[in-house]
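Trainee: I am new to this structure and would like to learn how to read it. Please take me through a few features in turn.

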Amino acid sequence: MPDPKIQRALISVSNKLGLAPLARGLADAGVEIFSTGGTRAFLEREGIPVRDVADYTGFPEMMDGRIKTLHPKVFGGILCRHDHAEDMQALRTHGIVSFELVVVNLYPFQSTVARADCTEAEAIEKIDIGGPSLVRAAAKNHAFVTIATDPGQYADILAQVQERGCTTLETRRRLAAAAFAHTADYDRAIAAWFARQTRPVEEDLPERIDWKAERLAALRYGENPHQKAGVYVFPGFSGPSVVTARQLHGKELSYNNLLDLDSALEIARFFALPAAVVIKHNNPCGAAVAPTLAEAATNALVGDPVSAYGSILGFNRPVDVETAEVLCGDGLFIEAIAAPAYHPAALSILSERPKWRKNVRLLEVGNLEGRREEWSFRFLSGGLLLQQADTLPDDERDWRVVTQASPAEELMEDLRFAWSMVRFVKSNAIVLVKNRMLVGVGAGQMSRVDSTEIAIQKAAERAAGSVLASDAFFPFPDSIERAATAGIRAIIQPGGSIRDQEVIDACNRRGVPMVFTGRRHFKH
């Protein structure tokens with residue numbers, strides 16, 4: 001059967017964006033428009049011919065508009081199969097007209113319940129009944145009916161109607177898929193809201209998790225060239241993120257770039273002072289806080305200069321000219337940078353001066369003051385793990401010195417910085433810090449003493465006079481002995497081992513003060 005000519009359109013929308021040009025174009029093309037309530041009033045004010053659905057059905061709107069389109073003369077006109085003689089005879093018998101175009105978007109439930117002052121009664125009234133029914137009916141019968149649920153679809157539909165009097169089956173199939181996704185998202189939002197309202201106060205974890213993410217871009221490949229990959233965004237997300245950031249310069253971002261940029265941004269956001277973070281393979285190899293961003297960048301880059309080659313950088317302040325000059329230093333190669341903003345002169349320097357100027361990706365993520373993620377997820381085969389995100393700072397009132405010696409006051413700032421950094425390093429994690437800069441990192445080793453050895457090796461002569469942080473307890477005193485031999489002046493760790501006393505005794509023998517925080521920060 002040929003594509004059915006669009007003779008009539010049923011229009012009922014909450015969002016009027018783009019509606020007037022669409023309706024005017026349809027009317028000019030000879031399409032008869034039916035509408036209800038506020039939409040009909042809007043079209044009449046625009047001077048567009050429109051027929052009231054209530055006049056057509058002979059059944060008035062009632063119950064404050066709760067019942068408008070729920071009528072056989074509406075749904076029969078949408079669901080009729082034009083190639084079924086029985087369906088078409090039923091239309092004639094009952095005085096029903098066919099609708100070949102349905103334009104509907106739904107009550108703004110999501111934005112209503114997102115308001116802090118939204119009442120339960122308001123939320124309930126924004127649960128659309130007739131709208132989703134119209135959308136699903138039209139989408140089901142897409143062989144004969146075109147369904148529009150988004151103003152972004154209007155231009156293509158109108159162009160096809162103006163050119164050929166109908167839409168193509170391919171277009172209708174695509175719009176039907178979008179329509180079912182639209183109603184599914186809507187129902188998911190309603191179900192999630194009800195779940196929140198009915199969840200027992202003492203129950204922290206959601207009983208059900210429903211996700212929707214939209215593809216933002218297809219990437220060249222994943223972690224490796226043989227793996228396909230894409231980046232997706234959660235609709236409505238507006239916080240600081242590498243996903244929603246604006247790329248100001250450089251090559252296309254890769255899968256690994258995005259992972260590392262996200263880690264760099266997460267760490268930089270944690271600090272109040274100007275902070276710079278250097279990431280390599282999703283672990284920090286350099287980091288520092290300082291009175292100025294340029295000083296922090298300088299110190300972060302010398303933390304592990306070998307690993308910093310080809311690294312990813314994150315900042316918690318706009319990149320200024322002084323910082324850009326630091327990044328243009330000899331021997332550096334930077335893959336990508338994420339920062340809240342860039343001074344125009346700094347942007348010019350980074351995109352014009354270094355040898356790597358053509359390739360470096362510069363991301364502007366905006367203000368970092370937005371809400372941090374409350375939950376973190378890890379996918380398993382057949383399911384996932386959910387946990388509270390480890391983003392809150394620890395309460396120093398829970399810290400206690402467990403050794404005979406206490407850390408000198410000048411070491412406390414380094415201990416705080418070390419303890420903040422170690423949570424961002426893959427376990428088993430050991431970090432060495434000196435003058436509020438990372439000088440050694442031992443990451444991802446199967447034994448804690450190996451991580452300690454690597455951190456000391458990376459720090460080299462800078463280990464002497466540094467402080468050490470461990471993300472979890474020391475199961476044996478061997479790491480303490482190695483740290484003391486390297487000249488480490490103080491240690492901070494959670495405690496909690498059955499051999500804590502042996503570890504404390506080792507610190508006392510070597511005169512190394514140690515702080516227990518009482519909180520572990522594994523990162524697997």
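Mentor: Start with two strands: β4 (residues 101–105) and β5 pair in the parallel sense over 3 bridges. Strands here are DSSP runs of E with at least two residues, helices are runs of H or I with at least four, and both are numbered from the N terminus. Two strands pair if DSSP finds at least two bridges between them. This is a predicted model, where local features need pLDDT of at least 70, side-chain atom pairs count only at pLDDT 80 or more, and totals for chains, interfaces and linings use all residues. Residues are numbered from 1 along each chain as its sequence is written, and side-chain values use heavy atoms, with hydrogens and water left out.

Trainee: Which residue is the bridge partner of V103 in β5?

Mentor: Strands of a sheet pair through backbone hydrogen bonds, either parallel or antiparallel. In this case V103 has A148 as its bridge partner.

Trainee: What is the order of the strands in the open sheet?

Mentor: The 5 strands run β3-β2-β1-β4-β5, with parallel pairing. At the edges are β3 (51–52) and β5 (146–148), each of which pairs on one side only.

Trainee: How many residues of helix α12 are buried?

Mentor: Buried means under 20% relative accessible area, exposed means over 50%, and partly exposed is in between (1.4 Å probe, protein chains only). Helix α12 (residues 293–301) is mostly covered, with 7 of its 9 residues buried. Among them are L293, A294 and N299. The buried residues of α12 pack against elements including β9 (275–280) and α13 (321–327), where contact means heavy atoms within 4.5 Å.

Trainee: How many salt bridges does a search of the whole structure find?

Mentor: A salt bridge is a side-chain nitrogen of Lys or Arg within 4 Å of a carboxyl oxygen of Asp or Glu. The search finds 26 of them. One of these joins E46 and R24, whose closest N and O atoms are 3.3 Å apart. E46 lies in the loop between α2 (37–45) and β3, and R24 in helix α1 (residues 19–28), so the pair ties together parts that are 22 residues apart in sequence.

Trainee: Which parts of the chain do R519 and D394 link?

Mentor: Their side chains meet in a salt bridge (3.1 Å, N to O). R519 is in the segment after β21 (514–516) and D394 in the loop between β15 (383–388) and β16 (400–401), 125 residues apart. R519 is partly exposed, at 40% relative accessible area, whereas D394 counts as buried, at 15%. Both belong to a network of salt bridges that also includes D390 and R423.
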